[in-house]
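Colleague: I'd like to learn how to read a helix and its salt bridges off a model. Could you walk me through one?

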Amino acid sequence: MTKTTANRFETRLGGVTVTGRAHGLSAWFVLALRLMMGYAFLHAGWTKLFAAEPFGARGYLLKVAATNGNPLEGVFYWMGTTDWFVAVANLAVPWGELLIGLGLLVGALTRLAAFFGALMMLTFYFGNWDVAHGLVNGDLAYMLVFLTVAALGAGRILGLDALIERYEIDGEALIERYPALEYVLG
C-alpha cells in the first residue's frame, strides 16, 4: 500500500518564505529523473570514450558559438584556441559525463554529480545558444533537472548515499561526523 501523506518543506530566501507539500509518489519521480539523467550521461560519456575516433572538443568550441550569435563567442573561441584548455576539455567532457552518469545511476555522491552535471549543461547552454524560441531550451531544462535531483536528495532514494550517510565511524554516523558531506551526498 502506498502511503500518501505529504512531506512538508519550507525555505526562506531574501525575505520570502516558500512552503510546499510533496506527495508520497514524488520520490518515484525524483528517482526516475536521477536514473534518466544518469543513463543519458553514462551513455554519452561511454560513446565518447569508446568511439572509433577519439573525442575532440576543439571543433565544437571553435565552431558552435561562432554560428549562432552567441554572446560568449569570444570566450568559446579562446577556449578552442588554447591548447591546454582543449586538452583538459578532451578529458573532462567524456570522463565527466561517464562519472556523473555512474554517480547518478548508483546514487553515490549524487549532489556532487548533479552539480557538475548542471555546470556542464550550463556550458552547453551557452555553447548551443539559440534564442529563436526564447531563452529556454533543452540544455537549460536538463540543467534544472540536475539541480532538482541535487536539491531533493535523490541519492537517498534507492541509492548508495543513504548507506554512505549511515556508515558509522566509532559509533557515529558519517554524515554527523562530517556534516559538510551533506553537500555532496544525498
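Predicted model: local features only at pLDDT ≥ 70, side-chain atom pairs only at ≥ 80, totals over all residues.

Colleague: Which residues of helix α3 are buried?

Modeller: First the terms: helices (H or I, at least four residues) and strands (E, at least two) are DSSP runs, numbered from the N terminus. Buried means under 20% relative accessible area, exposed over 50%, and partly exposed in between, using a 1.4 Å probe and protein chains only. In α3, which spans residues 73–81, the buried ones are F76, M79 and G80. They sit on the same side of α3 because they cover an arc of only 95° around the axis; that arc is taken from the directions from the helix axis to the C-beta atoms.

Colleague: Which exposed residues are on the face turned away from the buried side of α3?

Modeller: That face carries G74 and Y77.

Colleague: And what do the buried residues of α3 pack against?

Modeller: Three helices: α2 (58–63), α4 (83–106) and α5 (110–127). Contact here means heavy atoms within 4.5 Å.

Colleague: Now the charges. How many salt bridges does a search of the whole structure find?

Modeller: Five. To count, a side-chain nitrogen of Lys or Arg has to be within 4 Å of a carboxyl oxygen of Asp or Glu. Take K48 and E97, whose closest N and O atoms are 3.0 Å apart. This pair ties together distant parts of the chain, with K48 in helix α1 (residues 26–49) and E97 in helix α4, 49 residues apart.

Colleague: Is E97 buried or exposed?

Modeller: E97 is buried, at 4% relative accessible area, whereas K48 is partly exposed at 23%. You can read R156 and E165 the same way: their closest N and O atoms are 2.9 Å apart, R156 is partly exposed at 33%, and E165 is buried at 11%.

Colleague: What about R177, which residue does it form a salt bridge with?

Modeller: R177 pairs with D170, the closest N and O atoms being 3.6 Å apart. Shared partners then join D170, E172 and R177 into one network of salt bridges. D170 is exposed, with 73% relative accessibility, while R177 is partly exposed at 30%.

Conventions:
Residues numbered from 1 in each chain as written. Heavy atoms only, no water.
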